[in-house]
Each structure stands twice: as C-alpha cells, then as structure tokens.
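Dear colleague,

Here is the structure you are taking over. My notes on it follow below.

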Amino acid sequence: MKLDNIYQEEKKSNFAKVSEIIITMASRPSGFIGLSILIFHVILAFISPYIAPYDFKAINPTLMLQAPSAEYWFGTDDLGRDVFTRTILGGRTALTITFFGSLIALLWGGLLGIFCGLVGGKTDDIVMRIVDAFLSIPWILAMLLIVSLLGTSTEVLIPALGFFYGKGIVRVARAATHDVIAKDFIVSARARGHSNFSIIWFEIIPNVRDAILVEGAMRWSWMLLGFSSLSFLGFGVSPPTPDWGLMISNARGLMSFAYWSVIAPIVGLSSLIIGINLTADAFAKALGIDRSTKAPV
Amino acid sequence: MTEIIQKVKNLSIGFKSKKGEEILILRNISTNIKKGETVGIVGESGSGKSTLALAMMGYVKHGLYTIGGECEFNSSNLLKMKNRDLEKIRGRKIAMIPQNAGQALTPNLKIGYQIDEALQLHSDLKEEEREKKISELLNKVRLPSPETIALRYPHELSGGQQQRVAVAMALAGTPDLLLLDEPTTGLDVTTQAHVLELLNFIAKDTGTSMVYVSHDLGAIAQVSDRIIVMYSGEIVLEGPSRDILKKPIHPYTYGLLKSIPKLSLAGLPQSMPGSQPQPGTMYRGCSFFDRCDFSEEKCKNNSPKLEYLEDLNTSVRCFNYKSLVNDSQVNQTVNKIKTSLQDKEILSLSEVSISYAKQKLLDQVLNRISDDNPTVKDININIKKGETIALVGESGSGKSTILKSIAGLLRTKGGIIKFDQNRNLSSDLKERDPNDLRIIQLIFQNPDESLNPNHTVEEIIAQPLKLYFGLKSDELKKNIIDLLQKVRLGEFYMSRYPRQLSGGEKQRVAVARAFAAKPDIILCDEVTSALDVSVQAAVLNLLQQLKEDFGTTYIFVSHDLAVVRAISDRVAVLYQGRLCEVGPSKDVYQFPSHPYTEVLLGAVLEPDPDIKPKLVAEDIVEEKPPQKGCSFQGRCSRILGDICKSEVPPWQITNSGNSIRCHIPLKELQKDQIN
C-alpha cells in the first residue's frame, strides 16, 4: 500500500521524544529565553561554590554598605559581606528544596487526583471535600505552624511544601482524568476486567501525564515564591546561609541608601521565577496542551 | 441558460507542512452553481468537500490558505475580499447551515431572540415586522406553534427542531445561496427524512440555490439536481444527479455505489480495497489508481484531466471512463451471508429492565432500584450460538443501554441474563469472574475513542492476551501478528500509533483486540457508523468472515437499517426501551410490520432518486416511555384508541415466525401496509 511510505514514524526512544520536545520549546523566542534563564540558574547553583570570589559569611565591619565597585561587583551589605557572592549562592537552597517539593506535590497530587477521577462516587466526594477544606486554610499560616513545631530543616520543609502545593494538582489531575475516562478505551478496559491499578497505570497516566507535568512546572515557580516568603519571614533558611528571601528581608530597611543589597537578590529570584514560568508555558505549547495556540475553528 | 451565481475557478487550497512543503487540500477545482439549483457535493472524509463549501462563502479555515484560483460571487472574488465586505454578503447573500445545530445555537439565548438577531443583521425590517417575520420563518420550517418555540432555549428542542431553527436562521436574510454542511448527519433516520423533505420544499418554494455537502449518497440523492463527487481534493465526476446515481462513469463512484448496502438486498455488498490517500502523498498519477479495478499502466504516472462529455452533460476524470459508459448499470452483487446457526442457546435475556432514574437515599441504603417506569423494560431475547442479532431503533430506544448491561457496565433493575443456558451473568462487572468477562467483548462506534492514543497497535492488542492468557514475549508477539493477519493488517502495523492509521485500519485493530480474548459473544455498538462508506463494507465483510471462522455470536446495535439488513440473521426493533418486533431479518423487512418498523423502513434513504422516503409518522421526540399501554402510542399513525393507551399489546406471531407486538390484527396490518 502507498500509505506505508509516508508513515515512517517508528516508535521513538524516550530520549528522542524528550529531545524533540526540548527542541520545539527552544524554537519559540519565549521558550528559548525561559529555558536559557532556567539552565543558567541551574548551572549557577551547581558551580557557584567554586566560583564565588569571597567567603559568604566573612563579616568585615570596615566594608559595610559599599557601593558596587570593580572589587565588589554588587557592593556589600550591612555586615560588610560581598553581595555578589551571596546572590549567586542564594538560589541553591531555594532551588533544591522547591524542586524536590514540586516532585512530591506532583506525585501525591497527581496520583490522588487520577484515583478520585477514576473511582468517582462517594470516595471521590469525601476526598475532594477534604482537599477543599485544606485549600481554604491559608497555607502560610499552616506552614508557620508546622515550621515552628518541627523546625526548619530540609526534611520538614520539602514534604510540607510538597503537601501544600499538591492540593491544587489534585484538582487538575482529576479534571484531566475526567476527560479521559469518558473515552471508550477506558470503558473497554473496564469491560475486559482490568484492575483499577492497571487502568490508571496503562490507560490514564499516559494521557494525563502532560497536563500534570505542566501544572507541576507552574507549581514549582509558585513554590519558589512561597519558600522565599517563608525565608523572608525568617522561617525558611537560617542565617548565615545565603538565601534570596532572607537577603531581601535583611536589606529592605536599607533600601533608600543601599539599594544594591536588595536589588541583586530580587533580580535573582524574579528572573528564576520568570524563567520557570516561560519554560512551563513553552512546555505546554510544545506538547500541544495550550489551547490558545490551536486554530479557533 | 440560467444565471450562474457562484463561479469557482481553478481553486487550490492547502497548508504548509512542518517541513515547509506545500500540501494541497483542494486541487484545481472549477465548477459553477446556477440559480435555483441544488448541488450535492459528496466524498469521503478528507476529500476536501467541506473546505470547498467554506471557500464558497469566502472562508478559509485557520492554518489553510488559498494557493490559487478564485470563488466568484456577483462578479467579485470572495477569497480576496476584506472581512468588512464579506460581512455584507454572508448571511444576506450566502448563508450556511452547520452540521450540528445544537452547537451552532447559543445555549443561553431564546430561539426567537437569536432569529431576531439574524434579522437585524441581514434585513432592513422594523421591529414589528421582524416579530411577524420570526413566526413566518418558524412556520416555514414547519415547527409547531411558532410563538411558543420562539420563547424556548435551544436545549429545550430536539435535534431535528434545532436543525429546523438553524434553517430558519439561514433563511432570515433571504440568501441567494445556501450552503449546507452535513445538515442531517447527526439526526435520527426519521428526522433526517423529514428535514430533507423540508429542504426540498424550501428549495422549490424560495428558488434558493443550495450546495449540499454530505458523505451520504442516500441523502444527496433525495435533494440534488446535480452531483459533484470529490476524491482526494479533486472533482472526479460531476453531472446530473440521476445519471450519476444510475450510471456512474467514474470507477470510484461506481465502486462506492456498489459498496452501499441496500434494503432490497440481503447480504454483504462488495467492498472497495484500500483507502483514500492522505493529502500530500499523491505526487503523480491518478489518485484513485491503487483502488481502481480499471486501472492501467498509464494511470500510474499520468494524472487524468477532468473531461467534459457533451452528450452526457457530465465531467469525468478518468482515462477509461468509456468502458463504464456502455455498461455502468450498477449491478450490485452481494456475498450472501452463511448462517452458522446452532441450536444451542448462548445468551438469554429474560424480563430485563434497566433504569437510569436517580435513586432515593432509602433505595441507596437498601441497595435496590425502584422505578415503576424504567428506561428499558420487558426485554426477552434468546440468542443462539453463531447468530447475528441486530438491535435497531432511533436514539433513545435503549439499544446501547441493553448492550451495556450485557457487558456488565450497567446494573439492571431486574431480570436475568443467562449465558450458555445455565450460567447467570451479573450485570455488575465486579461480580463476574475473569472468564465471564472474557467471553463477552465489545467493539465501539468510534475507533478514535476506543483505542488509547498513547499505545502502539502492539500494546493495544497485547492487553487482552496478557490479561486473559498471561502470554509473554515471543508467544505474545506471535499471537499479535496472527491476529493482525486475521484482520488483514500486516506485521509492520505493530509499532504504529492509532493516529497513524486510517479510520478503517483503526476499526480493524479494535476488531483484532476484541477477537484476542477468544470471546463467544461480541457486542458491536454502531461499529460502522463512524466509517466512510467505502470502508464500511470492508469492515462488515471482515466481521462476517471472522464469524464464520470462529463461530462467534454477534449482538449488533445500529440505527442503519440497510447495514442491519446486510449482516444480521435476526432483528429486534426497539422503541423507548420496549421491544416492538423480533424476527428473522428477511421477515422483519417485509410486511406485516409493527407500525414503528414501518416508519423506520419508510425513512431509509437509498442512493436512488426514484426511491423516495415514505414519511408515515411525525418526528416527535418523546422524553419518557409512556406509563401504560403500547410504547409507540405517542407517534403511531394507526392508533386504535383507548386500548393502545391502556394495555400493553400482545405478541402476535406471523406465519414466518416473526413476532409483532401490536393490538392491530396481523391481517389488517398487512392489508393497510401494502396499500
């Protein structure tokens, strides 16, 4: 048959699929910018300890609040520490904690959402009401409570953030599942007698994976902002570890005469968030989930 | 010579592929629409028929662009006009009736308001005049009591009524040209016949030219004066409707007409091999070459030109049309179906009733279903091994509901489903053991939905094999290849995804998956209605072949009486979830019939301008089955009186073993119906 010639698209390896998606993402200007910023931050987080020009905790009263110069690129803070050093190191903790936090959020939020979407009925009702109840609690208050009870160690922060940011994913995953389970291939799998587990694993996850991943990427940037807020309030990273939220909090009183010490961490934090957002957007477009790119008719 | 109102000249429309190639959807189309004429454009999905119709109102879908040519209306090229100028033409001069009126009407505005809006835009009438015009329009499309309809919302109307409203809205601007894009495709058979009849009336009454786009030759035959047959973005045949349907001189049309099942012929029609080439794959030669029975060496490399034959007033795109000119009466031959009926009963339904009613709390607690007027009631059918039984009826007749309960997807309210005379099957999946699940398999209407888009063909067919037989690695692969060969697909399909297959191929994969379980019974839910006509026959033939090989029993649900006639041994006619008539298919298709069967048979559209549908009853849609009496009392034209409204009719058995549930004595019924 003639058709054979054009449909040469064979089953691709996962690596080939991922690289194709990344290439599609980078082919859009916004995606390229987002990816570049994100990759820049990730690389910086890895190499910053080795390239930092000064010791981040070296206090030097004689160098207090120096304006940017050739020696101290971003100036110094109120304790005479180098702002450049602290800025390039300041994203490490935030990036690590929120990355793992998002993974946990994706995992529990995604799986619970899919399960609820599939079984429906009373189980679904009860679980969703509990999720709604949690959604109504201001997360920052709950986080403060958890942190003050259990401390600010990474082992507490990652699951706590993961829990609070996963609630929203439950809803998204459930909605995506509802779209899929109405399809006949799910009915067919049910009629054959497959278990719920195998229906979720083989039939549903491949079809909702993309939507959940995009949602997870968005949550990552929100979580970053949330984590920095915690630091800002003094409940995230403990000093003297450099952290953007903490740095902004320390330097905010000095903004009128030493703006550099607050601008550098703000630029660091906001550029990372913008980078992640743009990447998530481009990711959605590359997967074809974003409807705004589709034809109106 | 009559005035030409739309002139399409050398029109080509296409899109740029990812690789930057120009891919043509329409290739060099030229045709004229004359005043007062109804032109039918017929073709399979992907033949470019809708794109052509849209171009006729100056619209090119997003992503597509005009490559060359023009659509001339009132001596101006619509495709080059500015939107502002087009607004003055669309609605006023050219109007469109969409396929799904339910989606085309705004759900939160009243019907009257929406028609008023159209009138404001497309006419210069004053407010009082508009009000009068609204009732006039609704009257014209034969909607009962226009005043009340105007105050309703779209969801309060039935599909047929919605379509009528869409027609009324299109007529609001008194257009010169009406474009209809599959206007009856989603409707029930009887409604479809009524809407077509209305369109015919309007064409005559207003003198509007119509362009009727459809895949259904039966519908086209009823309305068109002239037919354009499209294939792969080209016009392959164009001429007077009667000549094209009676003496098609293009091999594609010839094959198409042969592959449509007809009411008058029992047995399976011949199928056309292959499928339409995808856009962008044809580089040279005739696009129909690989499916053609008349093809020669030169067809492979040279594209035939559209040739106008003056004596026949027909244009044809074929080198060998001459061999069809002399002898092209469509002599349909059918492959008689072999019945492999055994005496053993394989499935019996007794007193089955199913309810969709929402359960009260008390009933939920007691885990029972209470509903004195369930959706489906009194279903008694015994199905023999190796039989093909068809459940027919319009939407809402409960045919798919019954299928779901047999599959264990929907709990019944009462009654017993028995397998193999002695094993009770629960209607709840969880209470069935794996073997009970294996023996009954389903094939769905739309293969796009029934195959997981993220699985390869191999993974799809492997599922039942792994689940029921625990096959692994080599043995699994061998079985998959075996099954693919049985459904006439090659081994190389294993690594493909459903999106890389054509509609017919997808449905074959779905068939292979059903047969992988080695089932005794296969439930077919409208399996051919989403397929193109030329592919439909092939799938039916395949199902029949597989049945002969494996001795499977089919329960076949369809709204298409001609398809049912072709494949089934026995037919059960359902109305509002109650059985009306059950019998061997040759007898159901003969009189005497239940009045409802008579309505259904009368409404079947055949691709023959001489066979007009008989409209016996009104196409009202009933929401709920009646509490008492005969289920068909609301629409029956032969209603006797109070007895039909109070007593459930008895089963009457004809000489040939056909059971009819009606109060009218059989002899009278037969006498009335034959006249």
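Buried is used here for under 20% relative accessible area, exposed for over 50%, and partly exposed for what lies in between, with a 1.4 Å probe and protein chains only. This is a predicted model, where local features need pLDDT of at least 70, side-chain atom pairs count only at pLDDT 80 or more, and totals for chains, interfaces and linings use all residues. Residues are numbered from 1 along each chain as its sequence is written, chains are lettered from A and ligands numbered from 1 in the order in which they are written, and side-chain values use heavy atoms, without hydrogens and water.

Cysteines: B:Cys636 is buried, at 18% relative accessible area. Over all chains, the search found zero disulfides, a disulfide being a pair of cysteine sulfur atoms within 2.5 Å. For B:Cys636, which is in no disulfide, the nearest cysteine sulfur belongs to B:Cys662, 6.2 Å away. B:Cys644 is in no disulfide either, with the sulfur of B:Cys630 the nearest at 6.1 Å. B:Cys644 is also buried, with a relative accessible area of 10%.

Domains: an automatic or database domain assignment sets the bounds. Chain B is split into domain 1 (1-93 + 176-224), domain 2 (100-174), domain 3 (241-335), domain 4 (345-568) and domain 5 (585-674). In chain B, the C-alpha centres of domain 1 and domain 2 are 23 Å apart. Contact (heavy atoms within 4.5 Å) links 17 residues of domain 1 of chain B with 16 residues of domain 2 of chain B.

Chain A: A:Ile43 sits in helix H2 (residues 29-51), helices being DSSP runs of H or I with at least four residues, numbered from the N terminus. A:Ile43 counts as partly exposed because its relative accessibility is 46%.

Regards

Key: Helix = DSSP H or I, 4+ residues; strand = E, 2+ residues; numbered from the N terminus.
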